[in-house]
Amino acid sequence: MNVAGADRNRQLVTVGIGAMLTLVMSAVLILGFRLATQMRASVTGLQTASMLQTYPDAISQQLNSLRDRLEARAYAGQALADLKVTVKRFDHELEQLGAGGYLQSAELDQALLLWHQYTPVVEPVVNFTGQAYVDSDDAGSAFSKEGRAHYADVKRAQLFATENARRLQQQLATVATTLQQTSSDGAARLRTLLLSGVLAALVLAGAAAYFQFTRARHERAAKEAQDQTRDILKTVREGFFLLDADYNIGSVWSEALTRMFSRQDFAGLGFEDLLKGLVPPTTLSTAMKYIKLLWGERAHENLMKSINPLGQLEITMDNGHGGKETRYLQFDFHRVMGPKGIKHVLCAVGDITSSVLLAKELQESQESANAQLDMMLGMMHVDPLQLNSFLDSTETGLQLINAILKEPARADSEFRKKLNGLFRELHSIKGEASALNLMSIAHRVHSLEDMVSELKKKAELSGNDFLPMVLKLDDLMAHLRGVREMASRLTALKDTAPAAAAVTAAATVAPARAAKQAAAHEQRSQQGRSGDDLSPTLHSMAERLAHDHRKRFKLTINGFAEVPGSYIATVKDCVIQMLRNSAVHGIEASDIRKAHTKDDVGAVRVDFRRSGDGYELVFEDDGAGISPDALKAAAVRKQIITEQEAAGMDTRAAMALIFRPGFSTQEEVSMDAGRGVGMDVVARSVYALGGKIGVSTNPGKFTRFKIVLPAAEAPSSTAVA
Amino acid sequence: MNAASGKVMNANGKKSFKLMIVDDSNIMRRRIERSNQFEELELVGTAGNGLEAIEMFKKMDPDVVTMDLTMPQMDGIECISKLVVMKPAVRILVISALADKATAVDAMEKGANGFLNKPFTDRQLNEAIADLMR
């Protein structure tokens with residue numbers, strides 16, 4: 001609907017009708033004025049004509065009187081004077097009537113003609129100036145010569161006047177009648193004219209009323225439309241606004257924007273100012289480039305839609321309670337075309353936070369389901385006894401961690417001590433979990449380690465800093481319970497499968513019972529447990545490490561059957577740590593190995609054998625070896641030693657650095673290296689058993705760790721926990 | 001901006017556009033060449049990086065260019081801005097594995113006329129080219 005066009009048309013019609021009616025009214029007034037003037041002239045003429053009717057008689061009588069006077073030789077001067085006045089006045093009035101212009105009738109012409117016939121007869125009489133009488137003593141008064149002529153003139157004039165007075169009078173009466181008729185016609189015309197004037201005025205008033213009415217109706221409709229628009233903009237859940245060519249927001253926008261952006265001043269606001277502070281500068285600059293492209297007509301709508309960088313915009317804003325809140329907004333842009341190209345860009349903003357979060361949740365649950373599946377598959381490859389033993393030791397470890405967390409602490413040093421304790425426990429749990437390929441557990445422990453690392457960086461520590469860790473620990477414990485539950489189900493499954501063939505009665509085994517069975521099984525095997533059980537775990541870990549670090553190496557394990565039960569845990573922890581070191585630092589990438597004319601598949605060898613009274617474990621890889629200078633540089637970087645100390649160190653002292661707590665040459669923290677916990681734990685656990693550890697290396701050729709352990713005591717419950 | 005201004009007559013007397021393919025992958029160049037279903041689009045040259053593209057452009061004066069973004073020596077974005085200066089009427093379709101919208105917006109800002117993500121189907125490519133020549 002083109003409202004502006006309709007309005008213009010209505011205005012034109014109003015002005016046209018108004019002008020026409022004004023013209024009509026003016027014409028009526030002018031005509032009326034002219035008519036009134038004419039009527040006034042007619043009335044004056046009528047009066048004159050009526051008065052003139054008496055003159056012919058008067059002239060006739062005055063001539064009679066003059067003749068009588070002359071016949072009686074009486075004084076005739078007065079009579080002549082009266083006649084003169086009458087004739088002159090009549091002549092004058094009649095001329096006036098004719099010259100007035102308001103009467104151009106044949107009747108008047110006739111009257112004038114008749115009067116002009118009077119002139120030759122009356123003129124000699126009124127022009128007489130001589131002495132009519134001659135006085136003598138004998139004869140008294142007698143006519144003078146000119147008196148006699150004068151008398152003759154008078155007599156002739158008197159006769160003429162008597163003869164014609166009636167005709168002239170009638171003629172003047174006719175003139176009067178005509179004049180009367182004229183003024184009567186004029187009056188009728190004036191009446192008609194006034195009537196039409198009144199009618200025109202009425203039409204004008206009617207037209208004005210009609211336009212007033214339609215205008216009011218249009219205004220009402222416009223107001224209603226405005227109200228409806230306002231209601232829509234108030235209610236709609238999307239934010240709507242128009243952008244002009246200067247990228248400013250128009251004066252009309254929907255209420256939803258207020259909720260989305262927590263502001264009110266949208267009218268005239270620049271699009272850039274709307275987003276400033278809510279999105280990173282790079283996103284803002286891309287958004288502005290995009291808006292500029294929208295105004296150019298080079299790219300069509302579909303293409304512009306497909307490259308819309310604001311399709312899912314993450315914005316961070318104050319939540320009104322002092323905190324920050326993240327929302328996801330979707331901006332859609334549509335060009336609004338006018339006759340001269342793009343007129344506006346319509347922008348629709350939707351708050352898609354809930355759907356984005358839902359999608360994230362879905363993805364997370366999908367990932368967790370996948371992780372569970374992976375874990376289950378992983379668990380199926382792990383020996384149930386090993387798994388149970390891991391779960392037991394992990395639970396003990398977590399209890400220890402819990403105890404450390406609960407330990408009262410005030411001073412910063414106490415907090416730091418706590419952190420170090422937490423770190424060692426977590427690291428050893430992570431190592432075992434990785435070795436068993438239980439990555440869901442390993443990742444959780446890794447993120448706990450991350451939290452500890454973050455805390456270590458903090459300048460001042462308080463009890464509150466540890467609270468998030470407690471939550472995370474709860475989560476980990478719940479996860480462990482889940483793993484245990486799954487493990488017992490798996491055990492039940494494994495147990496029942498062969499059992500079903502042999503014992504038909506016990507076809508199904510409840511998980512709880514299965515767990516008990518597994519526990520009993522484990523206890524049974526505790527006495528006769530051998531180090532051979534470790535080999536599959538270490539091989540699977542080696543495979544994972546090789547895959548994760550894109551290295552190729554072969555692990556060879558010898559003599560693990562000799563490992564006494566009480567040393568199994570320590571041997572496992574140590575080999576896992578050394579294996580990690582080899583995979584991360586030792587074994588080079590295949591191309592580097594080839595470049596150094598080495599076999600592109602690395603070799604890692606672990607030998608365990610009796611030696612004298614005790615045992616000897618040798619771990620060797622044919623990797624890059626350890627450079628004492630690199631060790632010293634890393635130790636300086638980690639501020640474990642000073643540069644002076646480093647300078648004073650011989651090779652032997654430098655090599656000993658790897659057993660220092662907190663030492664790592666790795667800059668990036670990964671699942672397998674970089675925390676600086678590792679070889680110090682190995683060394684500590686070896687020392688704890690009364691053993692020794694040594695390292696020898698040849699840079700570019702090999703690294704060899706040698707661990708010497710004393711003769712084992714009888715296995716005890718603490719040793720396997 | 002009318003690509004028709006660059007029209008020439010080919011041997012069959014049909015109106016045609018000259019096409020240049022710029023991509024550092026030989027496989028991708030052949031893939032684009034094979035997928036092209038437009039009779040009026042005649043391949044006049046290929047280039048493996050931005051510098052080669054500019055040389056080829058000067059020699060062959062193509063009307064339509066498909067442009068990879070990540071290339072050695074001179075990347076696609078820089079190349080686009082140079083081609084547009086040389087021939088404002090040229091129509092450029094960016095074909096890139098970089099899926100982020102900011103890259104697309106950058107390319108469009110520099111003067112590209114279309115954007116297609118790798119991997120693509122024959123249909124998608126032909127639709128994108130059709131849009132380009134419209």
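Leaving aside neighbours within four places in sequence, which residues is Leu538(A) in contact with? They are Ala435(A), Leu555(A), Ile557(A), Val575(A) and Leu579(A), where contact means that the C-beta atoms, placed from the backbone, lie within 7 Å.

The views below come from a predicted model, in which local features need pLDDT of at least 70, side-chain atom pairs count only at pLDDT 80 or more, and totals for chains, interfaces and linings use all residues. Residues are numbered from 1 along each chain as its sequence is written, chains are lettered from A and ligands numbered from 1 in the order in which they are written.

**View 1. The largest nonpolar core, around Leu538(A).** This core has 65 residues, and those with the most contacts inside it are Val445(A), Leu538(A), Val571(A), Val575(A) and Leu579(A). A nonpolar core is a set of buried Ala, Val, Leu, Ile, Met, Phe, Trp, Tyr and Cys residues joined through C-beta atoms within 7 Å; buried means that 20 or more other C-beta atoms lie within 10 Å of the residue's own. Helix H17 of chain A gives the most to the core, with 9 residues. Domain 3 (390-525) and domain 4 (528-721) of chain A both give residues to this core, so it lies between them; the domain bounds come from an automatic or database domain assignment.

**View 2. An open sheet of 5 strands in chain A, with mixed pairing.** The strand order is E8-E9-E10-E12-E11. Helices (H or I, at least four residues) and strands (E, at least two) are DSSP runs, numbered from the N terminus, and two strands pair if DSSP finds at least two bridges between them. E8(A) and strand E9 (602-611) of chain A pair in the parallel sense over 6 bridges. Ile557(A) stands opposite Val606(A) in E9(A). Helix H17 (568-586) of chain A lies across E9, strand E10 (614-621) and strand E12 (702-709), running at about 15° to E10(A). Such angles run from 0 to 180 degrees between N-to-C directions, with axes fitted to C-alpha atoms, for helices over the stretch in contact.

**View 3. An open sheet of 5 strands in chain A, with antiparallel pairing.** The order here is E4-E3-E7-E6-E5. E4 and strand E5 (313-318) of chain A stand at the edges, each with a single partner strand, so one side of each is left without a neighbour in the sheet. The twist averages 35° from one strand to the next. Phe241(A) stands opposite Trp253(A) in E4(A), and its bridge partner in E7(A) is Cys347(A). Five residues lie between the strands in the hairpin of E3(A) and E4(A), where Tyr247(A) takes a positive phi near 60°. Helix H8 (281-295) of chain A lies across E3, strand E6 (324-338) and E7, at about 140° to E7(A).

**View 4. The contact of chain B with chain A.** Each chain supplies 11 residues. Helix H4 (101-110) and strand E6 (114-117) of chain B each supply at least two residues of the side of chain B that touches chain A, and H4(B) gives the most, with 6 residues. Chain B has 5 helices and 6 strands, and buried residues make up 37% of its 134 residues.

How values were computed. Two residues are in contact if their C-beta atoms, placed from the backbone, lie within 7 Å. A residue is buried if 20 or more other C-beta atoms lie within 10 Å of its own, exposed if 12 or fewer, and partly exposed in between; C-beta atoms are placed from the backbone.
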